[in-house]
Amino acid sequence: MPSNQNPLGALPARFRRERLLIVGCGDVGQRVLRHLQTGPGAGRMQVLALTSTAGRVAELRAQGARPLVGNLDDAGTLRRLSGLATRVLHLAPPPGEGAGGDAWWRDPRTVALTRALRLRTLPMSLAYASTSGVYGDCQGALVPETRAVAPGTPRAQRRVNAERAVRHLGRAGVRATVLRIPGIYAPDREGGTPEARLRRGTPVLVAEDDVFTNHIHAEDLARACMAAVWKGRPQRAYNVSDSTHMKMGDYFDLAADLYGLPRPPRVPRSTAEEQLSLMLLSFMSESRRLDNQRMLRELGLRLHYPSVAEGLRA
């Protein structure tokens, strides 16, 4: 039988095949799957993919994963995950607005997952995809991972709660890593470029009111997720961002020029509050520049798209 310290235990070599569990196998999870199927060492690892939709089973199987039907909102369906995987990549978001009642600040999904993983032999590592929103508004400062979290929205507060659940699991012996991720983009990702917003003519802030924004190409994010699963240091957070430090309005101007579209109108913050949704306004209320040096150094990651300009042109 496997030991209590290592999911692979003392099994014969032919049975020591690593097993990666992907929780939340959307766009980024499927990119990870493609890398594992086509990259170096393809086929050496069994990939398990949790899905709450039975209709996705055939799709995930065709992509090389072993689908597992389970629902993070129904803890009883997660018991089968215990002891299955040697490594876990957790990409599922917390519940949306209005979920949880008085406990709106909690992420019951991550709590349920970590409890299920504790039932039997623990995985060796777990990487969790969080958000850079946990830092809150930093007024344009350069933000390393050592900066204290200060979530300014309910969405970010739920992510902080999820990070704490992951770190708690790390104290039980799992090499737990948190990835703090900004805006994800890619030309081949649904809604992955600003083109539709530019065509709608959605305004951006005038220069004096504008905020710094951060980005990561979906392909670089997938590669960072894989690196974190294998190389992430225990209880470590990483800013998974490219090396661009650009204000939001300048980003949309750049995209407009690349697509041959009119640049968006610029409005003061007071006017924006009358025209834009609360969601958009929340993004326009926080300014920070992510420091990605720890990610590049410790994960050994070389970005394919170190600037957003290169990624949008790809």
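Helices (H or I, at least four residues) and strands (E, at least two) are DSSP runs, numbered from the N terminus. The legends below concern a predicted model, in which local features need pLDDT of at least 70 and side-chain atom pairs count only at pLDDT 80 or more, while totals for chains, interfaces and linings use all residues. Residues are numbered from 1 along each chain as its sequence is written, and side-chain values use heavy atoms, with hydrogens and water left out.

**Figure 1. The whole protein.** The protein contains 11 helices and 15 strands. Its radius of gyration, 20 Å, is close to the 20 Å that the globule rule gives for 314 residues, so the protein is as compact as a globular protein of that length. The radius is taken over C-alpha atoms, and the globule rule is 2.2 Å times the number of residues to the power 0.38. Along the principal axes, the C-alpha atoms fill a box of roughly 65 × 45 × 40 Å. Of the 314 residues, 51% are buried (buried means under 20% relative accessible area, exposed over 50%, and partly exposed in between, with a 1.4 Å probe and protein chains only).

**Figure 2. Confidence in the model.** The average pLDDT of the protein is 92, and 92% of the residues score at least 70; pLDDT is the predictor's confidence in each residue, from 0 to 100. Over residues 10-15, pLDDT stays under 50, and the model has five contacts beyond four places in sequence for this segment. A contact means heavy atoms within 4.5 Å. Where pLDDT is low, the predicted coordinates should not be read in detail.

**Figure 3. Leu33 in helix 1.** Leu33 is found in helix 1, which covers residues 27-38. Its relative accessibility is 0%, so Leu33 counts as buried. Leaving aside residues up to four places away in sequence, Leu33 touches Ile22, Cys25, Val47, Leu60, Gln63 and Ala65.

Figure 4. Helix 4 comprises 17 residues (154-170), which should span 24 Å at 1.5 Å a residue; its end C-alpha atoms are 25 Å apart, which agrees. The expected span is 1.5 Å times one less than the number of residues. Among the buried residues of helix 4 are Arg158, Val160, Ala162, Val166 and Leu169. The cover over the buried residues of helix 4 includes helix 3 (108-117), strand 5 (125-131) and strand 7 (175-181).

**Figure 5. Helix 7 and its aromatic pair.** The 12 residues of helix 7 (residues 248-259) should span 16 Å at 1.5 Å a residue, and its end C-alpha atoms are 17 Å apart, which agrees. Rings of Phe, Tyr and Trp (its six-membered ring) pair if their centres lie within 6.5 Å; planes under 30 degrees apart count as stacked, over 60 as edge-to-face and the rest as tilted. By this rule the count comes to one aromatic pair. Tyr251 and Phe252 form this edge-to-face pair, at 5.2 Å centre to centre and with 70 degrees between the planes. Both Tyr251 and Phe252 are buried. Gly260 follows helix 7 and has a positive phi, near 70 degrees.

**Figure 6. Thr271 in helix 8.** Thr271 lies in helix 8, residues 269-275. Its relative accessibility is 23%, so Thr271 counts as partly exposed. Thr271 and Ala228 are 43 residues apart along the chain, and their C-alpha atoms are separated by 42 Å.
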